[in-house]
Each structure stands twice: as C-alpha cells, then as structure tokens.
Amino acid sequence: MSWLGHLTLDYCLDGDRTTALDRHDGPLRVLQRLYPEGPRVCHHVLVHPPGGIVGGDVLDIQANLAAGTHALITTPGATRFYRSSGPEAVQSLTARVADGARLEWLPLETIAYRSSVATNRMRFELAPGAEMIGWDVLALGLPAAGEAFEQAASPVGSRYTQEIELPGVWLERGTVRADDTALLDSPLGWAGHRVMGTVWLAAGSPLARERREALLDHARQAASAHELAGTAGTTSPHAAVIVLRVLGPRVEPVMQMLAQVWARWRTEAWQIDPVPPRVWRT
C-alpha cells in the first residue's frame with residue numbers, strides 16, 4: 001500500500017503577525033507552529049509520521065506566502081527514502097512567495113538508502129520583492145554506519161533524482177545512480193564523498209551588484225574557515241541567486257557549514273539575528 005500525502009500551508013499577515021492555515025490529507029502534517037523571534041516570523045515544523053518514503057509513495061507540499069509574511073519551514077529529522085521494488089517514490093514542494101515576503105526552507109537532511117528509487121522536486125516562485133534562503137542536504141546511504149548506496153540486486157537498481165527550480169532564474173536537475181562510478185568517484189564529480197549540501201539565497205528580481213558581492217563574500221568567508229573548505233564552492237549563476245555547494249564524508253560537517261552560511265546571509269541580507277529552530281538541538 002502506498003501513502004499519498006498532501007499538505008497546504010497558507011501564510012498571511014494579521015497586523016504584524018504571520019499567521020498560517022494548514023490543511024493536510026494523508027500522513028503529512030504540521031508538528032509545531034512556533035514564534036521564537038516574535039510574531040513576525042512563523043517557524044513551522046513539518047512531520048511525516050510513517051517515518052520514511054517507499055516506492056509508490058507521493059508526498060506533495062504547497063506553501064503560499066502572502067505579502068509581508070515570513071515563514072521558516074523545517075523538519076524534526078531526516079527525510080528517508082527507503083528501498084523500492086520498482087515504483088518511484090516522489091516528494092514535491094511548490095512555494096509561491098509574494099512581494100515583500102520571505103521564506104526559509106531549511107529541512108534536515110535527505111537520506112537515499114540502497115535500493116531506493118526516488119525523486120525530490122522543489123519549485124520556488126518568487127514575486128518581485130520576495131526573497132528566500134533555502135538549503136538541501138543529500139546523503140547517499142549511511143556513510144557513518146557503513147551502509148553503502150550501491151547497485152541493488154533488483155532490475156530497478158538504486159537512483160535518486162533531485163530538481164531545484166526558480167522559474168526563469170535557475171533550474172537544476174540531476175540523477176545519481178549507484179552504478180555511476182564516474183560521477184560518484186571521479187574528482188570531477190562527488191570525488192568519493194557521499195554527502196552533498198546546497199544552500200542558496202534567491203530574490204524575485206536581480207540583486208544589486210554591491211549587495212550580491214557582499215553576500216558572495218560572506219559565504220566564501222564562512223566556507224574558507226571550515227574543515228570542508230577544499231570541497232566547497234560559491235557562485236552566482238544569475239543576478240537573482242547565490243549558491244554554495246559542498247561535498248563531505250558525513251552529514252554533520254556539511255550541515256554545520258550550511259548553517260554558518262545561513263546565519264551570515266540572514267544577518268547581512270535581512271538584518272535579522274539567526275535564531276536556529278529549537279528542533280535542530282533535539
């Protein structure tokens with residue numbers, strides 16, 4: 001039996017407070033709504049009670065942020081794609097961010113287990129004047145536990161497809177297959193690492209050159225002081241987006257670097273102190 005889950009999050013302003021209406025169908029829902037920074041920023045913790053996604057499961061998240069709202073969305077634990085006997089498991093997110101709204105999409109890591117067949121899609125539609133910070137951390141297998149992401153005995157093999165889209169600005173779509181050793185082990189690919197982290201700051205219109213350069217500098221400074229400096233890089237593929245990517249042997253140092261960049265960007269871009277969600281410490 002496959003799980004079909006749908007969650008809709010609608011954010012609006014009530015005075016100076018970001019309020020949210022959530023509607024769910026199936027095993028996907030809001031665990032907590034918190035305001036550790038005051039009423040303007042709503043922290044939402046999303047949970048998938050079954051604990052993992054298997055072949056045939058389809059999870060869909062729709063987030064709509066009205067003008068002036070600010071939402072930080074995270075998860076209490078890893079998203080886990082388990083083995084499949086053939087059908088694909090799919091998780092998709094579509095976020096629509098209105099003028100003057102801010103979104104922070106900061107889930108904990110995604111783990112693709114051996115024999116998984118999975119797709120993870122993220123689409124962010126930013127109006128002029130909207131901004132966001134997002135990240136994604138992908139772990140192939142469980143490197144620390146010796147659980148390899150390797151070719152399965154079944155005909156479907158093991159593969160993971162990831163898509164990140166900012167329409168008209170940035171589209172990234174790639175598939176990692178367990179038998180693609182040229183990608184996984186080549187120095188031009190994953191270089192033997194099995195964890196990849198991506199963090200980006202994006203706007204609905206081009207960032208001013210001086211502001212973009214300052215944000216690039218902050219990301220590069222954070223990366224250069226980190227133990228994974230040799231496998232990190234920062235670029236701006238479009239005037240409306242800045243991206244940092246890092247490879248690592250384990251989730252923890254990759255997540256640490258991304259959190260440091262997030263904190264710097266939040267302070268520089270929005271003049272807001274970084275307030276890590278409490279669930280990250282539990």
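This briefing describes selected features of the structure shown above. The model is predicted. Its largest nonpolar core has 47 residues, and another core, of 35 residues, lies apart from it. Helix 2 and helix 3 pack against each other with their axes 9 Å apart.

**Nonpolar cores**

- Within the largest nonpolar core, the residues that touch the most other members are Trp 105, Phe 124, Met 132 and Trp 200.
- The separate core of 35 residues includes Leu 72, Ala 139, Leu 201 and Met 255.
- Leaving aside residues up to four places away in sequence, Trp 105 touches Leu 46, Ile 61, Ile 73, Leu 93, Met 122, Phe 124, Met 132, Ile 133, Gly 134 and Trp 135.
- In soluble globular proteins, nonpolar side chains tend to be buried together.

**Packing of helix 2 and helix 3**

- Helix 2 spans residues 209-224 and helix 3 spans residues 251-270, and the angle between them is about 150°.
- Angles over 145 degrees count as roughly antiparallel, and helix 2 and helix 3 are therefore roughly antiparallel to each other.
- The crossing of helix 2 with helix 3 is right-handed.
- On the side of helix 2, the contact is made by Arg 211, Ala 214, Leu 215, His 218, Ala 219, Gln 221, Ala 222 and Ala 223.
- On the side of helix 3, the contact is made by Met 257, Gln 260, Val 261, Arg 264, Trp 265, Glu 268, Ala 269 and Trp 270.
- Sorted by class, this contact has 10 nonpolar, 3 polar and 3 charged residues.

**Buried residues in a strand and a loop**

- Gln 162 belongs to strand 13, residues 159-166, and counts as buried because its relative accessibility is 6%, where the cut-off for buried is under 20%.
- Beyond residues up to four places away in sequence, the contacts of Gln 162 include Asn 120, Asp 136, Glu 172 and Arg 173.
- Ala 178 sits in the loop between strand 14 (170-177) and helix 1 (181-185), and is buried, with a relative accessible area of 11%.
- Although Ala 178 and Gln 151 are 27 residues apart in sequence, their C-alpha atoms are 5.0 Å apart in space.
- Ala 178 touches Phe 149, Glu 150, Gln 151, Ser 158 and Leu 184, not counting residues up to four places away in sequence.

- Ser 115 is not a glycine, yet has a positive phi of about 75°.
- Ser 115 lies in the loop between strand 10 (110-112) and strand 11 (117-126), and counts as buried at 6% relative accessibility.
- Ala 191, also not a glycine, has a positive phi of about 55°.
- The loop between helix 1 and strand 15 (195-203) holds Ala 191, which counts as partly exposed at 38% relative accessibility.

Conventions: Residues are numbered from 1 along each chain as its sequence is written. This is a predicted model: local features need pLDDT of at least 70, side-chain atom pairs count only at pLDDT 80 or more; totals for chains, interfaces and linings use all residues. Side-chain values use heavy atoms; hydrogens and water are left out. A nonpolar core is a set of buried Ala, Val, Leu, Ile, Met, Phe, Trp, Tyr and Cys residues joined through side-chain atoms within 4.5 Å. Buried means under 20% relative accessible area, exposed over 50%, partly exposed in between (1.4 Å probe, protein chains only). Contact means heavy atoms within 4.5 Å. Axes are lines fitted to C-alpha atoms, for helices over the stretch in contact, and angles run from 0 to 180 degrees between N-to-C directions. Helices (H or I, at least four residues) and strands (E, at least two) are DSSP runs, numbered from the N terminus. Angles under 35 degrees count as roughly parallel, over 145 as roughly antiparallel, 65 to 115 as roughly perpendicular and the rest as oblique. A crossing is left-handed if the near helix is turned anticlockwise from the far one by less than a right angle, and right-handed if clockwise. Ala, Val, Leu, Ile, Met, Phe, Trp, Tyr, Cys and Pro count as nonpolar, Asp, Glu, Lys and Arg as charged, and the others, Gly among them, as polar.
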